[in-house]
Amino acid sequence: MQKKSVRMIAALAVTGLLAAVPAPAQAAEPPMVYVAMGDSFAAGSLVLPAKEALTCARSAVNYASLIAKQLQPAKFRDVTCGGATTTHFANPQSGIIAGKAAPQYDALSADTTVVSVGIGGNDIGLVGLAFSCVNLLPPGVGTSCKATNTAGGVDKLAQKIDAFAPTYGTVIEQIRARAPHAKILMVGYPTGIRKGGCWPVVPVWSQDADYLQSALTRLNRRMAEQAAAHGATYVDLATPSVGHDMCKPAGTRWIEGLIPSVTTNGLVPLHPNAAGMRNAVPPVLAAMAGSAGWKH
């Protein structure tokens, strides 16, 4: 028999043997386990209906709940809480009206596959600052909150934001230690007020409106930087919410001004309304794509 024929027969035999060996079974993908963490902007405080009102004022239609309804994860734990700071991730939080919320980190587990986090505004006192900028007097009559916070050429709020920024990195690492296989989404804050403001509709002077928005932009930027540095994903809510700020009329705005409106289903001043919650879903959902258990 010629050598060429021998080689052909041997090759066919090997092929047959390989075909007979069963392919290794692929491991089943773990089911989705979704944990939502954060403050009132994530909780959708008092956007009705509420699924928990006394302790955290948590909405049943916040963006995390809307996403869970759409994706139907195997497990969904929403521990977002109005008034939360990063301190309440590791420590209990006294309820807004009654009760006590467990540390938010307690919701994490080794089987968690995706975590969304919206936090930081209360840590730097942003809402309190916004209220301090309210001025019912005409522009130029009274004191500008920007002038107060930048007296002596030092922007005290900017310094506070920059000093807080590394805490985002700590949060990401603490989540990863408890949920090592989870995709971590750091969800930024939406655009609050348009350039130049809209006094007296929202009674904040033009320069103060720009100062407040610049602080919010700075906080988002620091969050994005820390997310990139620590292997998490930043979710931008500021860009899609441009043109839907508190200066806009009901039906267009996604965030309420100083006098919230029942018609927009937003009962907390300077916070997202129902439309704000709904419109946060697409960017957060897009960022979730590819996480373990994803079947959208």
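Buried means under 20% relative accessible area, exposed means over 50%, and partly exposed lies in between (1.4 Å probe, protein chains only). By that rule, 47% of the 296 residues of the protein chain are buried. This is a predicted model: local features need pLDDT of at least 70, side-chain atom pairs count only at pLDDT 80 or more, and totals for chains, interfaces and linings use all residues. Residues are numbered from 1 along each chain as its sequence is written, and side-chain values use heavy atoms, with hydrogens and water left out.

**View 1. The whole protein chain.** The protein chain has 10 helices and nine strands. Its radius of gyration is 25 Å, well over the 19 Å that the globule rule gives for 296 residues, so the chain is more spread out than a compact globule. Helices (H or I, at least four residues) and strands (E, at least two) are DSSP runs, numbered from the N terminus. The radius of gyration is taken over C-alpha atoms, and the globule rule is 2.2 Å times the number of residues to the power 0.38. Along the principal axes, the C-alpha atoms fill a box of roughly 110 × 40 × 35 Å. Contact means heavy atoms within 4.5 Å. Of the contacts between residues at least 6 apart in sequence, 71% join residues at least 24 apart.

**View 2. Asn-62 in its loop.** Asn-62 sits between strand 3 (58-59) and helix 3 (63-71). Is Asn-62 buried or exposed? It is buried, at 0% relative accessibility. A polar atom of the Asn-62 side chain lies 2.8 Å from the backbone nitrogen of Ser-65. Leaving aside neighbours within four places in sequence, Asn-62 has contacts that include Ala-42, Asp-78 and Met-277.

**View 3. Ala-57, between two strands.** Ala-57 lies in the loop between strand 2 and strand 3. Its phi is positive, about 50°, although Ala-57 is not a glycine. Ala-57 counts as buried, at 6% relative accessibility.

**View 4. Two cis peptide bonds.** The bond from Leu-48 to Pro-49 is cis, with omega near 5°. Pro-49 lies in the loop between helix 2 (40-43) and strand 2 (50-52). The bond from Trp-199 to Pro-200 is cis, with omega near 5°. Look for Pro-200 in the loop between strand 8 and helix 9.

**View 5. Lys-195 at the surface.** Lys-195 is in the loop between strand 8 (183-187) and helix 9 (206-229). With a relative accessible area of 76%, Lys-195 is exposed. Ser-206 is 11 residues away along the chain. The C-alpha atoms of Lys-195 and Ser-206 are separated by 7.7 Å.

View 6. Thr-264 belongs to the loop between strand 9 (233-235) and helix 10 (274-288). Thr-264 is buried, with a relative accessible area of 10%. Which backbone oxygen lies 3.1 Å from a polar atom of the Thr-264 side chain? That oxygen belongs to Ser-261. Not counting residues up to four places away in sequence, Thr-264 touches residues including Ala-250, Arg-253 and Asn-273. Asn-265 also lies in the loop between strand 9 and helix 10. Asn-265 has a positive phi of about 55° although it is not a glycine.

Notes
Polar contact = N/O pair within 3.5 Å; in protein donor to acceptor, adjacent residues only side chain to side chain.
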